[in-house]
Amino acid sequence: SDEIVGESFAFNTQGDLISDSKRTQARGVGTTVTVCGLFEQLPVRKVDMCKRIKAQRSKLMKMLQGYAILCLSTQFNLTDVATSSSAKKKSKTEVKLATSESSKTLEARTASVLGPKFLAGLARVEVVLDSAVNDTHGKSDDETKWKMTGLISHAPTSPRPASARDLQFFSINGRPVDLPSVSRVLGDVWR
């Protein structure tokens, strides 16, 4: 963060760095990833992607929301730049997802990404799992080694029932993971 310039790289269709593409440029702190012409060399995939674009965008947004909520030490800014096919090539920029450095708790991140109204339908849960896991090697008496923390929707019988959105995000040691079987079991038990 003490550098005054950034570096720009370009990659070929195989994902290899183009050797003469590295250049310095002025920019703020952070990493920017720009994807252009993703399926230009694969016309069949491009047609398939265009047919299912809404579902693919929705899946991408859910994945990025999970990262934005669960990676507390990282700031996210997702901007969608759509260019029109007209001769003037007008582009429309829309911010899809933004988190700030000040939202460092799970609750603050959830409110930032999904909204304060969604957060109001959630309750914090923290479960110590030491007694369920027989791994006491190298652990002092005061140390909690196995625990689960998170947010869960209020019970359907609660005065503040859950929101209609059915979202589940999981992370292990701060890294988002996809656990479909755990997700299914938790959903069935909760209902």
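Here are some notes on this predicted model, for someone meeting it for the first time.

1. Start with confidence. The chain averages a pLDDT of 79, and 80% of its residues reach 70 or more. Among the elements, helix α1 (residues 43-51) has the highest mean, 89, while strand β3 (residues 77-83) has the lowest, 78.

2. Next, the layout. You'll find 5 helices and 8 strands in the chain. Going from the N terminus, the order is β-β-α-α-β-β-α-α-β-β-β-β-α.

3. How much of the chain is tucked away? Of its 191 residues, 16% are buried. The exposed surface comes to about 15,200 Å², and carbon and sulfur atoms supply 54% of that area. As for contacts with a separation of 6 or more, 44% of them join residues 24 or more positions apart.

4. Helix α2 deserves a look. It covers residues 53-70, 18 residues in total, and spans 26 Å from its first C-alpha to its last, close to the 26 Å expected at 1.5 Å a residue. Its buried residues are Leu-64, Gln-65, Gly-66, Ala-68, Ile-69 and Leu-70.

5. Several of those names come back in the largest nonpolar core, a set of 12 residues. Leu-64, Ala-68, Ile-69 and Leu-70 belong to it, along with Cys-71, Phe-76, Leu-97, Leu-106, Val-113, Leu-114, Phe-118 and Leu-122. Both α2 and α3 (106-114) supply at least two residues each, and the largest share, 4 residues, comes from α2. As background, nonpolar side chains in soluble globular proteins tend to be buried together.

6. Now zoom in on Thr-99, which sits in the loop between β4 (91-98) and α3. Is Thr-99 buried or exposed? Thr-99 counts as buried because its relative accessible area is 4%, and the cut-off for buried is under 20%.

7. What does Thr-99 touch? Leaving out residues up to four places away in sequence, the list is Ala-68, Thr-74, Gln-75, Phe-76, Asn-77, Arg-109, Ser-112 and Val-113. Among these, Ala-68, Phe-76 and Val-113 are also members of the core in point 5.

Technical notes: Residues are numbered from 1 along each chain as its sequence is written. Side-chain values use heavy atoms; hydrogens and water are left out. The expected span of a helix is 1.5 Å times one less than its number of residues. Buried means under 20% relative accessible area, exposed over 50%, partly exposed in between (1.4 Å probe, protein chains only). A nonpolar core is a set of buried Ala, Val, Leu, Ile, Met, Phe, Trp, Tyr and Cys residues joined through side-chain atoms within 4.5 Å. Contact means heavy atoms within 4.5 Å. Accessible areas come from the Shrake-Rupley method with a 1.4 Å probe; for residues, only the protein chains shown count as cover. pLDDT is the predictor's confidence in each residue, from 0 to 100.
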